[in-house]
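Here are my notes on this two-chain entry. Please keep the coordinates open while you read.

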Amino acid sequence: MNSVHEGASYLISNYVFPNDLHVHWSMMIVLYPYLSGLVDGAFIVAALYYVFGVKSLKPIARFSLIFALSFLLCVGMPVMLHLGRPERNLNMLITPSPSSAMAGGGYLFMVTLAVLLLLILFLYRTFLVKQQRQSKGLKRLFYQVLTFGSDNLSDEALALDEKVIKFLAALGIPVATIFHGYVGFLFGGVKANPSWSTPLMPVIFLFSACVSGISGIILAYIVIKRFRKEAVDTACVRTLINTLFGFFILAFSFEMLEVFSHHYLRSGYHHMVEGLLNGPLFISFWIWQVGICSLGPLLILGWLCLLRVKDSAFVIGSAIVSFILLLQVLFMRWNVIIGGQLMSKSARGYTEFHPEWFDKEGIIAVVFVMAVPFIILFILSRIFPLWMEGKSEAQGAGGK
Amino acid sequence: MQSTYNSHVKRIVVGLIVIVALGLAGKKLLAPKSFGVYGHYRADAIEEAAAIEIRHGTNASCLSCHPFEAQIHLSGKHSTISCEFCHGPYADHAKNGKKIGTLPVKTGEEIKILCLRCHNRAIQARPGEVIKTVIMPAHLEEQKVKTTHICNQCHHVHAPLRYINHAKRIVGMQEAS
């Protein structure tokens with residue numbers, strides 16, 4: 001026990017600074033980019049239809065936007081739960097520092113919300129005006145607010161709406177991209193953390209965001225349709241799966257490229273990052289994120305996209321692969337955010353993360369934060385019908 | 001309300017302008033008055049910080065009234081350690097040369113916790129060359145005593161090696177004879 005080398009081995013192994021023992025950016029900071037990534041991905045699906053005219057996506061175009069809005073409304077929640085003094089977040093907006101990405105993020109959030117909200121109100125305007133005409137009292141007032149007090153549905157007005165929709169959807173692409181790219185940038189910009197501080201970080205976040213958003217849409221679409229015993233539009237799902245395949249190949253390649261470049265460059269802290277991935281993160285990174293949740297889906301997606309698969313099998317396969325990819329992205333966020341903080345600045349040791357149950361950033365809070373967007377989605381679906389098939393006014397928007 | 005084909009768009013544009021204007025006005029009104037005078041912070045913060053009463057007096061402030069402890073303290077291995085780290089701040093205790101309040105004096109288990117804040121080897125980051133660390137209860141087992149012993153039963157809190165060196169001297173004398 002009291003050998004000569006005892007002291008020396010203590011010095012070179014597991015030497016963690018006291019201020020590194022605790023993982024400060026905990027599960028809420030994992031959820032934050034996860035939620036904003038879902039928003040981003042769902043928006044991309046809608047943009048494919050409204051901007052790039054991918055017609056087969058029509059059945060889920062509106063749903064994607066409402067889905068994106070439900071999650072966008074909750075993006076701030078995990079961050080607020082994380083803050084010790086959440087009411088002070090406003091200070092950042094009142095006196096934004098040009099050198100602080102966080103303040104920029106606050107403003108970006110507002111712009112994203114405005115664009116998405118306006119886009120939805122314009123898309124549903126025909127429907128909302130009709131609702132307004134049918135209703136009385138408070139309900140009427142509510143619809144009047146949503147239609148900005150105009151019930152003009154003349155051809156001229158609809159033509160104008162169409163232009164505005166195109167404009168907003170096109171504007172939405174850079175806005176959503178910057179909004180989520182900024183989240184990745186926040187991590188990429190942390191110079192002190194060798195596993196985050198790479199210019200690849202925003203790119204990886206963006207592509208995995210698209211993967212999670214598209215997967216979320218596919219899974220939610222199939223589950224809701226099954227639940228309501230309605231037919232699933234397989235042409236639409238096939239397009240989504242093809243898109244998903246493309247985005248996932250890119251996302252996964254970049255994720256691996258990052259590991260490879262760390263390994264190849266062998267920069268100052270390379271041994272820490274390598275030790276992290278092969279040590280504390282071995283199970284959650286190599287086994288789960290890379291093995292089960294990436295190679296698995298690549299095989300399934302290859303099967304779905306490259307071979308002729310029967311519709312019924314295709315739908316089941318799509319639901320499964322979407323679910324696994326949603327997990328993949330969650331693991332990726334976990335491994336980047338929690339994982340990145342397990343390294344001590346001493347560059348000699350790793351700490352451990354102990355999630356708590358009843359903390360305001362604990363497991364119960366995580367379940368709560370993940371449940372709220374679905375509750376909002378349900379409430380929004382009472383105002384904005386998610387599916388417009390079989391309704392003649394559907395062509396009123398999108399103009400396709 | 002008669003609406004034309006583009007009245008909703010006009011209203012939205014006006015609405016957005018109003019929101020932005022309100023936001024800018026709010027930003028102006030809510031921003032602290034002295035913000036930005038010298039830089040990206042509240043200038044008043046400097047005076048406010050300067051006006052905060054000093055709470056710590058350093059060891060020098062204790063020595064005049066506690067010559068007995070001071071003499072022991074200065075003679076031992078803890079001579080560089082702040083009295084106030086272990087006892088609390090000067091401001092709670094003395095003012096203008098008079099005692100105004102009692103400082104907590106640690107006893108029993110509290111002493112153990114206090115000592116281990118600096119001497120615990122379980123905190124990996126302590127540079128061993130500067131602060132010698134012990135692992136509990138192995139340290140007590142090595143001394144062949146019950147693990148319920150408190151640090152100050154063997155170490156004088158103000159000069160930790162005082163008794164131990166004393167004991168060694170006695171033992172050394174016995175060995176010599």
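This is a predicted model: local features need pLDDT of at least 70, side-chain atom pairs count only at pLDDT 80 or more; totals for chains, interfaces and linings use all residues.

The points below go from each chain to the contacts and then to local details.

1. Every value below is computed from it.

2. Chain A, overall form. Chain A comes to 15 helices and zero strands. Its C-alpha trace spans about 90 × 55 × 35 Å along the principal axes.

3. Chain A, domains. The assignment divides chain A into domain 1 (25-188 + 356-383) and domain 2 (207-352). The centres of the two domains, over C-alpha atoms, are 24 Å apart. The contact draws 25 residues from domain 1 of chain A and 25 residues from domain 2 of chain A.

4. Chain A, the interface between domains. Domain 1 of chain A and domain 2 of chain A bury about 2,000 Å² between them. Carbon and sulfur atoms account for 81% of that area. How many salt bridges cross between domain 1 of chain A and domain 2 of chain A? The count is zero. Polar contacts come to three residue pairs, with both residues at pLDDT 80 or more.

5. Who supplies the domain 1 side. On the side of domain 1 of chain A that touches domain 2 of chain A, the elements giving two or more residues are helix 2 (27-50), helix 3 (58-72) and helix 9 (155-188). Helix 2 of chain A gives the most, with 13 residues. By residue class, this side of domain 1 holds 18 nonpolar, six polar and one charged.

6. Chain B, overall form. Chain B has eight helices and two strands. Along the sequence the pattern reads α-α-α-α-α-β-β-α-α-α. The radius of gyration of chain B is 31 Å, well over the 16 Å from the globule rule for 177 residues, so chain B is more spread out than a compact globule. The C-alpha trace of chain B spans about 115 × 45 × 30 Å along its principal axes.

7. Chain B, domains. The assignment gives domain 1 (8-51), domain 2 (55-104) and domain 3 (106-177). The C-alpha centres of domain 1 of chain B and domain 2 of chain B lie 47 Å apart.

8. The interface between chains. The contact takes 30 residues from chain A and 23 residues from chain B. The area buried between the two chains is about 2,100 Å². Carbon and sulfur atoms give 67% of it. Between chain B and chain A there are zero salt bridges. There are 10 residue pairs in polar contact, both residues at pLDDT 80 or more.

9. The chain B side. Which element of chain B gives the largest share of the side that touches chain A? Helix 1 (residues 7-30) of chain B does, with eight residues. The chain B side as a whole divides into 12 nonpolar, seven polar and four charged residues.

10. Salt bridges. Over all chains the count comes to nine salt bridges. One of them joins the side chains of A:Asp20 and A:Lys345, at 3.7 Å from N to O. This pair links distant parts of chain A, 325 residues apart. A:Asp20 sits in the loop between helix 1 (6-12) and helix 2 of chain A. A:Lys345 sits in the loop between helix 14 (311-340) and helix 15 (363-383) of chain A.

11. Backbone items to inspect. Most residues other than glycine have a negative phi, and most peptide bonds are trans. A:Arg266 has a positive phi of about 50° although it is not a glycine. A:Arg266 is in the loop between helix 11 (234-265) and helix 12 (270-278) of chain A. In chain B, a cis peptide bond joins B:Met136 and B:Pro137, with omega about 0°. B:Pro137 lies in the loop between helix 6 (109-119) and helix 7 (138-142) of chain B.

Definitions and conventions:
Residues are numbered from 1 along each chain as its sequence is written. Chains are lettered from A and ligands numbered from 1 in the order in which they are written. Side-chain values use heavy atoms; hydrogens and water are left out. Contact means heavy atoms within 4.5 Å. Buried area is the accessible area (1.4 Å probe) that two parts lose on being put together, summed over both. A salt bridge is a side-chain nitrogen of Lys or Arg within 4 Å of a carboxyl oxygen of Asp or Glu. A polar contact is a pair of N or O atoms within 3.5 Å; within protein, one must be able to donate a hydrogen and the other to accept it, and residues adjacent in sequence count only if both atoms are side-chain atoms. Helices (H or I, at least four residues) and strands (E, at least two) are DSSP runs, numbered from the N terminus. Ala, Val, Leu, Ile, Met, Phe, Trp, Tyr, Cys and Pro count as nonpolar, Asp, Glu, Lys and Arg as charged, and the others, Gly among them, as polar. Domain bounds come from an automatic or database domain assignment. The radius of gyration is taken over C-alpha atoms; the globule rule is 2.2 Å times the number of residues to the power 0.38.
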